[in-house]
Amino acid sequence: MAGGWSKYTDKVDKYCPKNYEPLPVVLEKGEGVFVWDTNGGKYIDMLSAYSALSHGHRHPDILKAMSDQCEKLTLTSRAFHNNIMGDFLEKLCNLTGFEKAMPMNTGAEAVETAMKAIRKWAYDVKGVPENKARIIAAANNFHGRTSGAISMSSKAASTTGFGPLLPCIDIVPFDDARALEAAIRPETAGFIVEPIQGEGGVIVPSDDYFPAVREICDRNNVLLCIDEIQTGLARTGRMFCFEHYGIRPDMLTLGKALGGGVYPVSAMCADDEVMDVFTAGTHGSTFGGNPLAAAVGIASLDVIEHENLAGRAAELGDYFIGRLSGFADSSIKEIRGKGLLIGMEFKVPKAHEFALKLLKRGLLAKDTNAATIRFAPPLIIDKNTLDEAIAIIANVLKN
Ligand SMILES: Cc1ncc(COP(=O)(O)O)c(C=O)c1O
């Protein structure tokens with residue numbers, strides 16, 4: 001690889017399975033909105049680890065909370081109590097408005113937790129006959145890479161060769177409330193859905209979709225679980241994306257930005273009626289709710305609130321979409337998104353090639369499908385840096 005990078009990438013090629021196709025750059029340093037490669041080349045990070053770096057790289061308050069906690073206690077497992085997990089969950093519950101939160105680590109685990117809760121609620125509360133509970137998911141979703149999460153996937157690359165998948169999953173088109181209603185059977189216990197499909201290409205549903213979904217789930221006694229692992233915690237200009245649609249889910253999955261860009265922290269949030277299905281020994285995680293995760297989680301939520309990241313995302317997102325739309329040429333099919341989660345779709349599948357050109361000019365972004373490139377910078381980005389990014393995008397488009 002160019003840039004003298006083969007000394008790093010050869011080892012990765014040798015020792016790591018080829019389950020990713022990273023862009024050709026080797027990074028060694030990050031601060032705020034910027035990252036540097038091993039040759040000193042500077043880049044604006046316009047992907048922010050798929051929204052996990054909403055606070056920017058190495059936010060000082062989060063690093064301090066982390067290192068202070070490292071001086072005291074990092075891991076207990078849930079075999080014992082620790083003195084900080086309660087504070088973290090209280091903060092998360094106050095913010096989300098749910099009665100309880102189950103602490104986990106990665107996004108996919110939060111989704112697994114939701115799937116298990118839905119099934120157990122089906123038997124314990126709804127009265128579905130044992131082993132018959134059904135879950136509905138939306139086509140073109142992304143909920144993670146575990147066997148449960150991929151069982152809800154409609155993407156062949158995610159599922160082929162990994163069967164048998166979980167049974168009793170029904171997949172309906174996204175943004176189609178009638179299809180959801182038609183798919184509901186007496187055994188249906190939950191509908192798991194993203195409020196904007198991030199990995200699917202930044203697909204924003206019509207305004208009346210989620211109100212209709214809420215009403216259908218209520219009428220059929222089906223739990224509505226919204227996966228805000230990518231969209232949540234200020235990314236779309238509101239603390240949670242579901243606020244845009246004027247509804248509340250019954251269950252919420254969070255991850256990515258909950259870990260402040262430094263540590264994996266996720267959670268599934270719901271009220272007691274759902275959460276009480278979990279009793280001792282029915283679910284858990286060695287690392288879930290560990291003291292370090294709790295300290296990082298508290299600091300991450302504090303920063304989101306104190307720095308008004310939702311307000312910034314709303315204002316700068318509108319500005320960004322406006323500027324992009326201003327210079328979009330005939331090669332662009334659509335520019336869409338909410339807050340600072342923005343997709344630019346080309347008429348032809350050239351998003352990867354576009355990302356490579358942006359990289360050469362000092363901007364990191366990645367194609368989310370063949371024709372769509374996603375821009376999701378850290379929410380701490382300032383207008384000047386955003387203008388710099390916009391100038392690079394305009395320049396690549398022109399050339
Ligand atoms: C909506 C959504 N759910 C779940 C996940 C999985 O999260 P993780 O990669 O932390 O397991 C992702 C990751 O991109 C996501 O975007």
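Biologist: So, which residues come nearest to the ligand?

Modeller: Of the 15 residues around the ligand, the nearest are Gly 107, Ala 108, Gly 144, Ile 229 and Gln 230. A residue counts as near if its C-beta atom, placed from the backbone, lies within 6 Å of the molecule. Keep in mind that this is a predicted model: local features need pLDDT of at least 70, side-chain atom pairs count only at pLDDT 80 or more, and totals for chains, interfaces and linings use all residues. Residues are numbered from 1 along each chain as its sequence is written.

Biologist: Which helix gives the most to that shell?

Modeller: Helix 5, residues 107-126, with three residues. Helices here are DSSP runs of H or I with at least four residues, strands are runs of E with at least two, and both are numbered from the N terminus.

Biologist: And what is the shell like by class?

Modeller: The shell has five nonpolar, seven polar and three charged residues. Ala, Val, Leu, Ile, Met, Phe, Trp, Tyr, Cys and Pro count as nonpolar, Asp, Glu, Lys and Arg as charged, and the others, Gly among them, as polar.

Biologist: Which sheet does helix 5 pack on?

Modeller: An open sheet of seven strands with mixed pairing, in the order 4-10-9-8-7-5-6. Two strands pair if DSSP finds at least two bridges between them. The edge strands are strand 4 and strand 6, each pairing on one side only. Helix 5 touches strands 4, 5, 7, 8, 9 and 10, and its direction makes about 25° with that of strand 10. Contact means C-beta atoms, placed from the backbone, within 7 Å, and angles run from 0 to 180 degrees between N-to-C directions, with axes fitted to C-alpha atoms, for helices over the stretch in contact.

Biologist: How do strand 5 and strand 6 pair?

Modeller: In the parallel sense, over four bridges. Ala 138 stands opposite Val 172 in strand 6.

Biologist: Switching topic: at what angle do helix 3 and helix 11 pack?

Modeller: Helix 3 (residues 60-70) and helix 11 (residues 291-306) pack at about 160°, with their axes 9 Å apart. That makes helix 3 roughly antiparallel to helix 11, a label for angles over 145 degrees, while those under 35 count as roughly parallel, 65 to 115 as roughly perpendicular and the rest as oblique.

Biologist: What residues meet there?

Modeller: Among them are Ile 62, Ala 65 and Met 66 in helix 3, and Leu 292, Ala 295 and Val 296 in helix 11. By class, this contact has 11 nonpolar, two polar and two charged residues.

Biologist: Now the other sheet: what is its strand order?

Modeller: The four-stranded open sheet runs 11-12-15-14, with antiparallel pairing. Strand 11 and strand 14 stand at the edges with a single partner strand each, so one side of each has no neighbour in the sheet. The twist averages 30° from one strand to the next.

Biologist: How many bridges join strand 11 to strand 12?

Modeller: Six, and the two strands run antiparallel. The partner of Arg 336 in strand 12 is Gly 343, and that of Gly 337 is Ile 342. The hairpin has two residues between the strands, and Gly 339 takes a positive phi near 55° there.

Biologist: Which residue has a positive phi although it is not a glycine?

Modeller: Asn 131, at about 65°, in the loop between helix 5 and strand 5.

Biologist: Last one: where is a cis peptide bond?

Modeller: Between Gly 163 and Pro 164, with omega about 0°. Pro 164 lies in the loop between helix 7 and strand 6.

Terms used: Two residues are in contact if their C-beta atoms, placed from the backbone, lie within 7 Å.
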